[in-house]
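The report below describes one chain from its overall form down to single residues.

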Amino acid sequence: MSELIYRIPLPLESVCWGRLITKREILRCSEIEWDVLKHKLTRIEAIQDKRCNRCSNHQMDFFGKIPKQPAFGFHTVRYYCLNCLNMGRMTEGDWLYYLESPSQFLLKINEILTWEGTLSPEQYRASQEIIKSLPDFNRPHMIYAVTGAGKTEMIFPVIATILKFGGRVVVASPRIDVCLELAPRLQEAFRQIPVQLLYGGQEEPYRYTPITVSTTHQLLRFKEAFDLVIVDEVDAFPYAGDDTLHYAVVRSKKPHGKLIYLTATPDDHLMKQVEHENLTLTTLPARYHRHPLPEPIFEWIGDWREAINKGNRTSRLFKLMERFFNIQGVKLFFVPSINMAEKLFRWIEHAAPDLAKQMTVVHSKDPQRKEKVQALRQGDYQALISTTILERGVTFTNCHVCIIGAEDRLYTLAALVQMSGRVGRKWDYPTGQLIYAHGGITRAMLSARSQILEMNRQAKERGLIDDTTSDR
Ligand SMILES: [Zn+2]
């Protein structure tokens, strides 16, 4: 794909459009002549009046100190920002550079959206509601869609609308895994348009593109760049409750741009915003395939930690796992900690080597996690023991979920609903088994179940589910 898609050629300085970056970052991604460029850029002090202009940190606890050259015999210090240190150190005396983005940059291709699928009536309704909300640039719009509703497809027409008018779009998520899944899907849907993926530690040099997929963190390098900012999984860690990332998202949007949130599990804060009419809302209670969300079965397994630690084969946990393993399809066993996940796998290896051959274990510190997930998809494994890293953004065909230790306090309402949402997402396998295996019922478990039941109830009431009896 080349820059020939634009009506006028992209100038070299386009790498600076709508960005707030250092000289080193500019020169790394372009062969531009600094002496020519620098006169066009706005120069901003990186740390000004004890505030970081990249991440807006102004809490003194989040500044480090380094000694400054002595002046008039006094030893003084220079402050540097700890809050955004992982993106390169910003120290007092450093500069950030900004170049305003052109308001429109027209494409010369006729067929912008090359996706050949069709939206369900509900997906269509949601995408039309987003498009209608675009001129209301002061208020974000939220799509609250159950897991498996097909959120990604419904944003395609919205993105196409923005691109048609020469606008620029970013789809951001707090989770790298979600970004890695989104980028190829967007590239496939907009085959002629360059799509760029941004995340920490990435090698490819930055360039101007009409569509960008980015972690919310990387948006700290943008300012008034995008006509449309879509934040997927807006309730996910670390975005929820992180002021810096919220600031980055809002600043990356052009003044007349639009902010869209996508979520399957909005938190109280977001729902309050809706109540106060600071946020407009579209709810999709049903999946695109018109089957209800699988409802969890609570199964008591007593002290499951002890069962794992002692390798007790007569325990309820072991019997449940054996039984669950016999279901046809992909089985996901979620376990609350890396340590317990590994211990559980070693126990199965020891106690049931035949089962262990067909399963593997993944967690956030596993360098092989991408390969293992791929192997599970290809059918090399039947089952996977996982921590919550796989709670979002992954889809397996004919998938069943067993949450071991569902009462663990790490399992929030959102985490439980997301893990549950891995079951029955495909047309040909719209149902599946879902078990919350626990040593005691928590409020989060009850809330997750009632949220799932409530969405199914709303979907039935609106005629969005074909089968009115439960699918299991
Ligand atoms: Zn900072």
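Two strands are said to pair if DSSP finds at least two bridges between them, and helices (H or I, at least four residues) and strands (E, at least two) are DSSP runs, numbered from the N terminus. With these terms, an open sheet of three strands has the order 1-7-2, and its pairing is antiparallel. Strand 1 (20-21) and strand 2 (42-45) are the edge strands, each pairing on one side only. Strand 2 is joined to strand 7 (residues 95-98) by four bridges, and the two run antiparallel; within this pairing, arginine 43 stands opposite tyrosine 97 in strand 7.

The model is a predicted one, in which local features need pLDDT of at least 70 and side-chain atom pairs count only at pLDDT 80 or more, whereas totals for chains, interfaces and linings use all residues. Residues are numbered from 1 along each chain as its sequence is written.

**The chain as a whole**

The secondary structure of the chain comes to 14 helices and 20 strands. Its radius of gyration (taken over C-alpha atoms) is 25 Å, close to the 23 Å that the globule rule gives for 472 residues, so the chain is as compact as a globular protein of that length; the rule itself is 2.2 Å times the number of residues to the power 0.38. Taken along the principal axes, the C-alpha atoms fill a box of roughly 75 × 60 × 45 Å.

Burial is counted on C-beta atoms placed from the backbone: a residue is buried if 20 or more other C-beta atoms lie within 10 Å of its own, exposed if 12 or fewer, and partly exposed in between. By this count, 44% of the 472 residues of the chain are buried. Two residues are in contact if their C-beta atoms, placed from the backbone, lie within 7 Å, and of the contacts in the chain with a separation of 6 or more, 76% are between residues 24 or more positions apart.

| Strand 8 and strand 14 (residues 280-284) | Five | Methionine 142 and leucine 281 |

In strand 13, leucine 262 is the bridge partner of isoleucine 143.

**Helices**

Helix 3 (residues 121-133) and helix 4 (residues 151-164) pack at an angle of about 35°, with their axes 8 Å apart; axes are lines fitted to C-alpha atoms, for helices over the stretch in contact, and angles run from 0 to 180 degrees between N-to-C directions. On the side of helix 3 the contact is made by Gln123, Ala126, Ser127, Ile130 and Ile131, which meet Glu153, Met154, Ile155, Pro157, Val158 and Thr161 in helix 4.

Helix 13 (residues 413-420) has eight of its eight residues buried, so it is largely enclosed by the rest of the structure. Its buried residues are covered by elements including strand 16 (330-334), strand 19 (399-404), strand 20 (434-438) and helix 14 (443-461).

**Single residues**

Leucine 20, found in strand 1, is buried, with 23 other C-beta atoms within 10 Å. Leaving aside residues up to four places away in sequence, leucine 20 touches Arg54, Leu96, Tyr98, Arg221, Phe222 and Lys223.

Which phi does serine 56 have, although it is not a glycine? Serine 56 has a positive phi of about 70°; this residue lies in the loop between strand 4 (51-52) and strand 5 (63-67), and with 17 C-beta neighbours inside 10 Å it counts as partly exposed. Asparagine 398, likewise a residue other than glycine, has a positive phi near 50°. Asparagine 398 is placed in the loop between strand 18 (383-386) and strand 19, and counts as partly exposed with 18 C-beta neighbours inside 10 Å.
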